[in-house]
Amino acid sequence: MTSDRARTDGPEGVRLQKVLSKAGVASRRAAEDLIAQGRVTVDGKTVRELGTRVDPASAVIHVDGTRVVLDETLVYLALNKPRGVHSTMEDDQGRPCVGDYIRQRDERLFHVGRLDADTEGLLLLTNDGDLAHRLMHPSYHVLKTYLAEVDGLVPRGLGKTLKAGVELEDGPVKADAFRVKDMQAGRTLVEIVLHEGRKHIVRRLLDEVGHPVRKLVRTAIGDVQLGNGKPGSLRALTRAEVGSLHRSVQL
């Protein structure tokens with residue numbers, strides 16, 4: 001049985017394998033195989049009929065559980081935000097800001113969440129409002145990974161303490177994961193993973209346990225990695241990365 005937006009009984013819409021091919025999922029022949037194998041869903045229902053037609057403007061299509069983005073106007077970018085750059089599209093004081101990196105683009109993009117001016121690393125930019133809203137909403141628990149250089153040598157039990165929870169002035173916070181990467185000369189490099197999005201949360205958390213942050217870099221949001229680009233570099237997310245973000249917020 002097919003939904004109203006996945007039709008086989010008339011000329012309405014576009015053949016599903018053509019839609020998948022145009023979206024870059026696979027060639028038409030390979031897309032037909034995906035459909036026949038039951039790996040494609042339209043509006044939540046598995047479709048196996050090769051004559052299925054869909055409306056690309058409204059159909060929600062997944063392949064192997066990953067959302068296929070059909071709207072060609074949607075843009076998904078990763079910025080390696082340098083230190084000293086503010087997470088705003090305009091700055092009334094003339095300070096460097098995220099908007100400086102996309103001035104030449106035609107799309108009206110916005111940043112997903114924020115990084116304070118002293119924090120470097122991964123910041124997502126998009127015009128997909130639904131995805132951005134969910135990524136920023138705490139109920140979806142999207143994980144963010146950071147590398148922090150902190151003062152002092154970190155004791156063995158600190159990870160356990162952070163994962164158990166630390167009380168801050170605006171409520172408790174728990175680390176989802178924590179590990180020591182390197183220790184030398186009175187400083188420690190740690191990796192910390194949080195789903196929290198409160199302001200300065202990483203700095204406040206580590207300061208509370210006696211290890212103030214000297215340098216902080218966000219290295220991942222969900223499955224999207226910062227990569228090896230230089231500070232200030234901008235790249236388009238891959239189809240797999242976009243799909244993983246949609247999956248993480250149940251889109």
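**Salt bridges, strands and a helix**

Q: Which residue does glutamate 191 form a salt bridge with?
A: Glutamate 191 pairs with arginine 179, and their closest N and O atoms are 3.0 Å apart. Keep in mind that this is a predicted model.

Q: Is glutamate 191 buried or exposed?
A: Glutamate 191 has 18% relative accessibility, so it counts as buried, because the cut-off for buried is under 20%. Arginine 179 is partly exposed, with a relative accessible area of 45%.

Q: Why would those side chains pair in the first place?
A: Side chains of opposite charge can pair when their charged atoms come close.

Q: How do E14 and E15 pair?
A: They are antiparallel, with 7 bridges between E14 (residues 177-184) and E15.

Q: What other strand does E15 pair with, and over how many bridges?
A: E15 also pairs with E11, in the antiparallel sense, over 8 bridges. There, tyrosine 146 has isoleucine 192 of E15 as its bridge partner.

Q: How many residues of E15 are buried?
A: In E15 (residues 187-194), 6 of the 8 residues are buried, so the strand is largely enclosed by the rest of the structure.

Q: Back to salt bridges. How many are there in the whole structure?
A: A search finds 16. One of them joins arginine 198 and aspartate 170, at 2.9 Å from N to O.

Q: Where are arginine 198 and aspartate 170?
A: Both are in loops. Arginine 198 is between E15 and helix H5 (201-208), while aspartate 170 is between strand E12 (166-168) and strand E13 (171-173), so this pair ties together parts 28 residues apart in sequence. Aspartate 170 is partly exposed, at 42% relative accessible area.

Q: What else does arginine 198 form a salt bridge with?
A: Glutamate 196, with the closest N and O atoms 2.9 Å apart. Glutamate 196 counts as buried, at 18% relative accessibility.

Q: Which residues are linked in the salt-bridge network?
A: Glu169, Asp170, Glu196, Arg198 and Arg204.

Q: New topic: helix H2. Which residues are buried there?
A: Ala31, Leu34 and Ile35, in a helix that runs over residues 28-36. They cover an arc of only 100° around the axis, which puts them on the same side of H2.

Q: What covers the buried residues of H2?
A: The cover includes helix H1 (16-22), strand E3 (40-42) and strand E6 (61-63).

Q: What follows H2?
A: Glycine 38, which has a positive phi, near 75°.

Q: Last one. Which residues form the nonpolar patch on the surface?
A: Leu153, Val180 and Met183, with about 270 Å² of accessible area together. Leucine 153 is in the loop between strand E11 (144-151) and helix H4 (158-164). It is exposed, with a relative accessible area of 54%.

Technical notes
Residues numbered from 1 in each chain as written. Predicted model: local features only at pLDDT ≥ 70, side-chain atom pairs only at ≥ 80, totals over all residues. Heavy atoms only, no water. Patch = residues over 30% accessible without salt bridge, like charges linked within 9 Å, V, L, I, M, F, W, Y side chains within 5 Å. Areas by Shrake-Rupley, 256 points an atom, 1.4 Å probe, with all protein chains shown as cover. Salt bridge = Lys/Arg side-chain N within 4 Å of Asp/Glu carboxyl O. Helix = DSSP H or I, 4+ residues; strand = E, 2+ residues; numbered from the N terminus. Buried < 20%, exposed > 50% of the residue type's maximum accessible area, 1.4 Å probe, protein only. Arc of directions from axis to C-beta. Contact = heavy atoms within 4.5 Å. Pairing = 2+ DSSP bridges.
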